[in-house]
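Please look over the sequence and the model before going on to the points below.

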Amino acid sequence: MYDDPGRRSGSEPVTARSDLKLRFPPAAVFTPLFAAAALAFAFWAARADDGDPLGPGVLVVPAVICGLLTVTAVITLVVVARRRSGT
């Protein structure tokens, strides 16, 4: 009965979209925050020695995670801007 992938099973609208007004502020706030954190972790990892409790290998992981979150927030900002403009 539910094996047909083209058949809708929910009650959501066909053209449902997320609320752009709610998506923009968090993306605008977290983009510079994640970018600053990525740079801070990268700088800290570059200056860390191998003998430190938090060595370069450990500090690279949060730098990469914050970098990926920055990219995600930027993509969200671009999508919201495009949808607001009507294209």
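Helices (H or I, at least four residues) and strands (E, at least two) are taken here as DSSP runs, numbered from the N terminus. On that basis the protein chain holds 2 helices and 0 strands. The model is a predicted one, in which local features need pLDDT of at least 70 and side-chain atom pairs count only at pLDDT 80 or more, while totals for chains, interfaces and linings use all residues. Residues are numbered from 1 along each chain as its sequence is written, and side-chain values use heavy atoms, with hydrogens and water left out.

**The chain as a whole**

- Of the 87 residues in the protein chain, 16% are buried, where buried means under 20% relative accessible area, exposed means over 50%, and partly exposed lies in between (1.4 Å probe, protein chains only).
- Taking contact to mean heavy atoms within 4.5 Å, 61% of the contacts between residues at least 6 apart in sequence join residues at least 24 apart.

**Helix α2**

- Helix α2 covers residues 56-85, and its 30 residues should span 44 Å at 1.5 Å a residue, which agrees with the 43 Å between its end C-alpha atoms; the expected span is 1.5 Å times one less than the number of residues.
- Just after α2, Gly-86 takes a positive phi of about 95°.
- The buried residues of α2 are Leu-59, Ala-63, Cys-66, Thr-70, Ala-73, Thr-76 and Val-80, and what covers them includes α1 (20-47).

**How α1 and α2 pack**

- The axes of α1 and α2 come within 7 Å and cross at roughly 155°, the axes being lines fitted to C-alpha atoms, for helices over the stretch in contact, with angles running from 0 to 180 degrees between N-to-C directions.
- The two helices α1 and α2 are therefore roughly antiparallel to each other, a label for angles over 145 degrees, whereas angles under 35 count as roughly parallel, 65 to 115 as roughly perpendicular and the rest as oblique.
- The residues of the contact of α1 with α2 divide into 24 nonpolar, 4 polar and 4 charged, where Ala, Val, Leu, Ile, Met, Phe, Trp, Tyr, Cys and Pro count as nonpolar, Asp, Glu, Lys and Arg as charged, and the others, Gly among them, as polar.

**Two residues of α2**

- Thr-70, found in helix α2, is buried with a relative accessible area of 14%, and Thr-70 touches Thr-31, Phe-34 and Ala-35, not counting residues up to four places away in sequence.
- Val-79, also found in helix α2, is partly exposed with a relative accessible area of 27%, and its C-alpha atom is separated by 9.9 Å from that of Arg-23, 56 residues apart along the chain.
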